[in-house]
Structures are given as C-alpha cells and as structure tokens.
Amino acid sequence: MCAIVGVFGTENAAQLAYYALFAMQHRGQESTGISSADGKKIHLVKRRGLVTDVFHEGRLKLLKGSCAIGHNRYSTAGKDSVLDAQPVFAKYKLGEISVAHNGNLTNKYEVRDDLIEKGAIFQTEMDTENIVHLIAKSQKNKLKARIKDMLNKIEGAYCLAIQSRSKMFVVRDRFGIRPLSLGKLKNGGYIVASETCAFDLVGAEFVRDVEPGEMLVFEKGKEPQSEMIFESDPHPCAFEYIYFARPDSIIAGKTVYNMRLQMGKQLAKETPAKIDLVLPVPDSGVAAAKGYADGMGVPFEMGIVRNHYVGRTFIEPTQEIRDLKVKLKLSPIKDMIKGKSVAIVDDSLVRGTTSKQIVRMLKDAGAKEVHMRIAAPEIKYPCRYGIDTATSQELISFSKTPEEIAEYIGADSLGFLSIEGLTKSLGDDSNYSLVSFDGNYFAGGNADSPGCSTIR
Ligand code: 5GP
Ligand code: MG
C-alpha cells in the first residue's frame, strides 16, 4: 500500500502535502513524512504515527519552500523503526535529494547485493534506498538522466516522487499498477497524489492520471514536462478497487464506490443465498454489501456497529475476551439479527480470521443461518507489487477449498466472486493486475520472492 504526494509551485507546499496525506491516511498508518525544498535546501520531518500526530504547526513551519513531497507508510509486521519512514533523504554529488515510493521492487535484493558488493552501505531494508543509491552512483551530469539510469535498473511496481532542491520528478511504472493522478491547484501550482480524494480536500482540480511509463518534470516557471520513459502496458491493480482505495477516489476514470457496488451485484448473480437480510462487515465491506443486497432484492442493514477508536495503544485483552478480539471493533445489533438468516458481505478474505470471528459473533447474536459472501475471488498468491501478504501458506484459500473454509469459519455457506465476475464488474477495458488471484507475476518476482516488509 502506502500513499505518496507531491506538491509543486505554491508557497504553502508542505501544508497542502499534509492535507493530502491526511486524506490518504487509510493507505498507511505506520509512519508519515514530508520533505520540502526551498531552492537552497531540503527540509525533512518524518516520524512513526498518524499524520495528525506527527505534524503540528511548529513542524510544518520548518518545512519551507514551494515544493513538498510526502509519504504514508503502511503498517508492516515487526517493522516499526523511524528509519523505515519515508521520504528517504540523501546528499550526493549533485546536492540533495529526497524520494517517496509507493510499490515494491521485485529485483530488490539483486540490486541491493550488487550495490553492497561495490561498497554501498544501507541503513534500512527498504527498496527505496536502492533508488537513492542508483541515482547517486549514476555517472550522468543531470539528475533527470540519472533518474532514467536508475529506472532502467529497477523492476516491479513503483510510483515515485523525487525532489531536488529546485525540481520535482514524478514517475509511474509502465504497468501503472499503483494509482497516481495529477491535479491543478487553484493558484496555478500542481499536485500529484496516489488517490484523487487528496485533491478534493485541498480543492485541486483533477487533470488526469499519470500515464503508466510516464515521467513528469516540474520546474519553476514552466508547465510540467511529460516524457514517456517506457512503453505503457497498463495493468491496474484490481485490489485497489476491492479494498485499498477510498470509495470516493477515482482510479482510471472509475469511482471506487461504484466498482464495489458492481462487484456486490455480480456476487449476487454468482452466489445467491436464501436470506432475510444483508449485512456488511464495516467499513470495508459496505459498498459491496449494498450491491449484493440490491442484486438479491433483500434489505440491507448496518447490523454491525464499528468502534472507530481501537488504536495501537489499546491494552492487550485478557484471555476471556482475547478469543473474540473482533468484539473490540465490531458489535452486532442483536434484535435485528435474532432468528434471521443473514448474508454477511466482506470485501476480501485473507487469513479467514475476521470471517471466523464475525460468523461466531452473529451466531451468538441468535442468527438462524449465516451465509458469508466475499466480493473478491479467492486470494491464493502473495502480491509482490505493493500489497504486503507474506507467503502463500498464510492465505487460507491457498490450501483450502471454499467448502473447507466455510466449515472452518462456521458459516452455513461461503461464496466468492469469480475472477471473470471481478473483471466484468470493473469493465473489460483493462488488463487488470490479478496476481493475488491468478498468480500471474507479469511484472517480475514470484510467490517466494521478498515482499514489501521482508527482512532478510
Ligand atoms: P482475514 O481476517 O481474512 O485475514 O482478512 C480479511 C479482512 O482484512 C477483510 O475485512 C479485509 O477488508 C481486510 N483486508 C484485506 N486486505 C488487507 C490488507 O492488505 N491489509 C489489511 N490491514 N486488511 C486487509
Ligand atoms: Mg475489512
């Protein structure tokens, strides 16, 4: 996951980057950072924590200049060092540089080992450090040429915002796996962000998506210069539509909410159930559940209430309630559910933990039957393009059939959306990245190669 933003050509660049990161908090809660450039120097603030915890007025004031790039990092198990926060800043031959990256490089260790062999030192496990090293080691005289050298050595999924003391470079890999859009600020400056919901908050006008394979160069007093670095071969990530992106964001011209609604409707066609009521798993399953209810012609109810205040600091539950940790977050409206046959719809099933606990919760609340419906296909393969699933073994659909999973989670039935149903819902106008479902590693890597948070 992760979110990146780049703001160029406006006095309050860091402030706008801050708002944009706040709008994209759902893409990463582990750490956040902004670097700004004032023509003479790059300033950097990055810390663990949420955007609103890390940035206050005092810190934003330090981030001077008319260009800012920022990053939200997705929480990954066992990695909580501030060193792993982005942007990554460095001094090198041409001056100062800062890089923010969303994605995952599939040749991370080949490149890293080669660099280490030649004497490079690394401070983190992040593939973003490879990018900085490759730029620093290039023999070209101009930063743009050095970035191109670097791009020819990396593989996989990336959306990059790169900042020098006076310019900003934005690049999207040729597959366009992770989303990235360009917006125009009211005062003439520009903003680039992982999701368009960031534009809505800062009042920017959506211009267009950054093209797969495209580099945009932002320079003072000029319109952004576009250059196709690679031939475009679009494979937008289907999981952005299923789970990651905010429902109000528009990716490749499609509003995410509408796509989820469509997936739910398709799910109703493929796996109907005899039910009185459709409930979503909040919040991620809401739109798909509404679509399922519409498709089934059955009432939709918000029958499970979510507590939004379960944070990191919650004191570890005692044994009695640990079994139902989900209770901390979710709670059923009992008299709505008692005696009813319900369908419970979630956006995806990964390890099966959430489903198992929710089914039990609904049965404890007196549901007569519980039919689990998942508005995505079976996740069998780890994505290597920016989603942090560790190994196939952790994915319940890798080793169990839907019938076996239904038994495991205690549901009366379980239905998934088919892969064809998914692409049909999204519109058959794109080669979607479906790697989690079909194991087609078109951008390099494989089920055994390192993921985003792999520590070797
Ligand atoms: P499970 O409990 O089966 O392991 O996970 C399913 C739940 O995780 C679903 O409610 C889904 O919304 C959510 N989910 C799917 N993908 C991700 C992800 O990459 N990260 C996080 N934190 N949750 C996810
Ligand atoms: Mg969820």
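**View 1. Where H4 meets H5.** In this predicted model, Lys108, Val111, Arg112 and Leu115 of helix H4 touch Asn130, His133, Leu134 and Lys137 of helix H5; contact here means heavy atoms within 4.5 Å. That contact splits into three nonpolar, two polar and three charged residues (Ala, Val, Leu, Ile, Met, Phe, Trp, Tyr, Cys and Pro count as nonpolar, Asp, Glu, Lys and Arg as charged, and the others, Gly among them, as polar). H4 covers residues 108-117 and H5 residues 128-137, packed at about 45 degrees with their axes 10 Å apart. That angle makes H4 oblique to H5 (under 35 degrees is roughly parallel, over 145 roughly antiparallel, 65 to 115 roughly perpendicular, the rest oblique). Axes are lines fitted to C-alpha atoms, for helices over the stretch in contact, and angles run from 0 to 180 degrees between N-to-C directions. Helices (H or I, at least four residues) and strands (E, at least two) are DSSP runs, numbered from the N terminus.

**View 2. H9 against H10.** Helix H9 (residues 256-270) packs on helix H10 (residues 286-296) at about 45 degrees, with the axes 6 Å apart, and the two are therefore oblique. Residues of H9 in the contact include Tyr257, Arg260 and Leu261, and those of H10 include Tyr292, Asp294 and Met296. By class, this contact has eight nonpolar, three polar and four charged residues.

**View 3. Between the two domains.** An automatic or database assignment sets the domain bounds, giving domain 1 (3-234) and domain 2 (257-428). Their centres, taken over C-alpha atoms, are 34 Å apart. Domain 1 puts 12 residues into the contact and domain 2 puts in seven. Together they bury about 640 Å², 52% of it on carbon and sulfur atoms; buried area is the accessible area (1.4 Å probe) that two parts lose on being put together, summed over both. On the domain 1 side, Asn104, Thr106 and Arg178 lose the most area, together 43% of what that side buries.

View 4. Most residues other than glycine have a negative phi, and most peptide bonds are trans. Gln86 and Pro87 are joined by a cis peptide bond, with omega about 0 degrees; Pro87 sits in the loop between strands E4 (67-73) and E5 (88-92). Cys2, not a glycine, has a positive phi of about 80 degrees.

**Notes.** Residues are numbered from 1 along each chain as its sequence is written, chains are lettered from A and ligands numbered from 1 in the order written, and side-chain values use heavy atoms, leaving out hydrogens and water. Since the model is predicted, local features need pLDDT of at least 70 and side-chain atom pairs count only at pLDDT 80 or more, while totals for chains, interfaces and linings use all residues.
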